[in-house]
Amino acid sequence: VMIAGIELDLRQAWKHRRESGITAGLALGAPLLLGSAAALVMLGMPGWMGPSARPWQFVLGVGMACAVTALPILILLMEKLELLRQPLGQRILRYASVDDIAIWGVLALILMDWQRVGKQGAFILAFILLSWAFRHLMRRLAEADRWAVALIWLALCAFGADWSGLHYMVGAFLAGVVMDAEWFDQDKLDQLRHHVLLVIMPVFFLSTGLRTNWDVGGAAVFGMAALLLVASVSGKLMGVHLAGRVLRWPPGEASLIGWLLQTKALIMIIFANILLDKHIITSETFTSLLLMAVASTMLTVPIAEPKLQGIRRQASTGWANT
């Protein structure tokens with residue numbers, strides 16, 4: 001989660017704020033609305049909403065889970081497609097980065113505990129002040145020393161967020177947001193991401209699988225997962241296609257971008273784990289969200305790769321004609 005925060009390039013997002021804002025807003029807003037509609041259907045049936053949730057928390061949480069794009073997985077897939085360092089890949093990364101900020105911001109809102117609002121306010125204030133000092137310190141350090149300081153900073157932010165009543169994952173994301181990727185050697189950062197995903201992700205997925213529950217009934221869980229998948233995929237595609245029309249993108253770009261932004265696996269599962277930990281969703285809802293996340297991620301490359309090849313063929317043909 002911290003690495004996802006580091007990958008955010010807020011300066012580029014601000015530089016291209018109109019394009020980034022329109023695309024990220026529609027790519028997030030459309031699946032959020034359809035996912036929230038699916039959550040309203042779930043509210044009418046027992047066994048889906050967690051015991052500690054208010055209806056608005058459940059609806060917003062499930063809706064946002066349908067809108068999530070997993071930035072670390074998206075980066076890996078774009079590397080596989082040899083798209084990451086290309087202008088189009090950087091645009092897609094920018095859209096996903098802006099959405100990431102919104103996703104974790106909404107999660108913080110959902111987790112807001114008004115009985116501990118003083119602690120949460122103190123954490124936010126301390127984070128702002130310490131971030132300024134942290135950034136000042138990091139600019140002065142040698143590159144080799146920044147890694148150790150970054151890990152200490154990660155631990156402090158995660159502990160502070162958990163102490164205040166927010167989840168430690170929220171603190172981890174915030175820790176990464178205030179770091180600049182240029183502080184670290186890009187090759188080493190890429191290796192860290194690969195090694196962390198290689199070593200930690202199987203263990204995380206194993207523990208996640210142990211939390212699944214089929215008590216409502218296998219058919220009901222699979223049926224709800226299908227409903228959430230339709231809301232997630234169709235909402236993301238609708239939003240990105242609308243952005244493409246507004247911004248007058250070349251043919252095929254909106255479809256490619258819409259499918260690449262379907263990647264959900266890692267971040268959505270973390271998001272759903274947090275909702276389950278806070279008893280906002282039940283384990284049955286968690287299982288449906290997990291199935292939806294896996295399915296949407298598995299669909300991404302088989303559909304996106306031929307679309308990317310088509311765009312590349314069009315570009316090479318156009319270049320040859322000129």
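Visitor: How many residues does helix α8 have, and what distance does it reach from its first C-alpha to its last?

Guide: In this predicted model, helix α8 covers residues 143–164. At 1.5 Å a residue, a span of 32 Å is expected. The helix comes close to that value, with 22 residues and a reach of 32 Å.

Visitor: Within what arc do the buried residues of α8 fall, seen down its axis?

Guide: The buried residues of α8 are Arg146, Ala150, Trp153, Cys157, Ala158, Gly160, Ala161 and Ser164. Seen down the helix axis, these residues line one face, because they fall within an arc of 160°.

Visitor: Which residue follows α8, and what is its phi?

Guide: Helix α8 ends at residue 164. The residue that comes after α8 has a positive phi; this is Gly165, with phi near 105°.

Visitor: What percentage of the residues of the protein chain count as buried?

Guide: A residue counts as buried when its relative accessible area is under 20%. The protein chain has 322 residues, and the share that counts as buried is 51%.

Visitor: At roughly what angle do the axes of helix α11 and helix α12 cross?

Guide: Helix α11 spans residues 218–247 and helix α12 spans residues 253–260. Val233, Lys236, Leu237, Val240, His241 and Gly244 in α11 meet Ala254, Ser255, Ile257, Gly258 and Trp259 in α12. The crossing is right-handed. The two axes come within 8 Å and cross at roughly 145°.

Visitor: How far apart are the axes of α6 and helix α9?

Guide: Asp100, Ile101, Trp104, Leu107 and Leu111 in α6 meet Met169, Val170 and Phe173 in α9. The crossing of α6 and α9 is left-handed. These helices pack at an angle of about 145°, and their axes are 11 Å apart.

Visitor: Is Glu82 buried or exposed?

Guide: Glu82 is in the loop between α5 (71–80) and α6 (87–111). Its phi is near 55°, a positive value in a residue other than glycine. The relative accessibility of Glu82 is 61%, so this residue counts as exposed.

Visitor: What is the relative accessible area of His279?

Guide: His279 lies in the loop between α13 (265–277) and α14 (283–321). Phi of His279 is near 60°, a positive value in a residue other than glycine. His279 is partly exposed, and its relative accessible area is 42%.

Visitor: Leaving aside neighbours within four places in sequence, which residues are in contact with Ala53?

Guide: Ala53 sits in the loop between α3 (17–43) and α4 (55–67). With a relative accessibility of 12%, Ala53 counts as buried. From C-alpha to C-alpha, Ala53 and Leu275 are 9.3 Å apart in space, although 222 residues apart in sequence. Once the neighbours within four places are left aside, the residues in contact with Ala53 are Phe58, His279 and Ile280.

Definitions and conventions. Residues are numbered from 1 along each chain as its sequence is written. This is a predicted model: local features need pLDDT of at least 70, side-chain atom pairs count only at pLDDT 80 or more; totals for chains, interfaces and linings use all residues. Side-chain values use heavy atoms; hydrogens and water are left out. Buried means under 20% relative accessible area, exposed over 50%, partly exposed in between (1.4 Å probe, protein chains only). Helices (H or I, at least four residues) and strands (E, at least two) are DSSP runs, numbered from the N terminus. The expected span of a helix is 1.5 Å times one less than its number of residues. The arc is that of the directions from the helix axis to the C-beta atoms. Axes are lines fitted to C-alpha atoms, for helices over the stretch in contact, and angles run from 0 to 180 degrees between N-to-C directions. A crossing is left-handed if the near helix is turned anticlockwise from the far one by less than a right angle, and right-handed if clockwise. Contact means heavy atoms within 4.5 Å.
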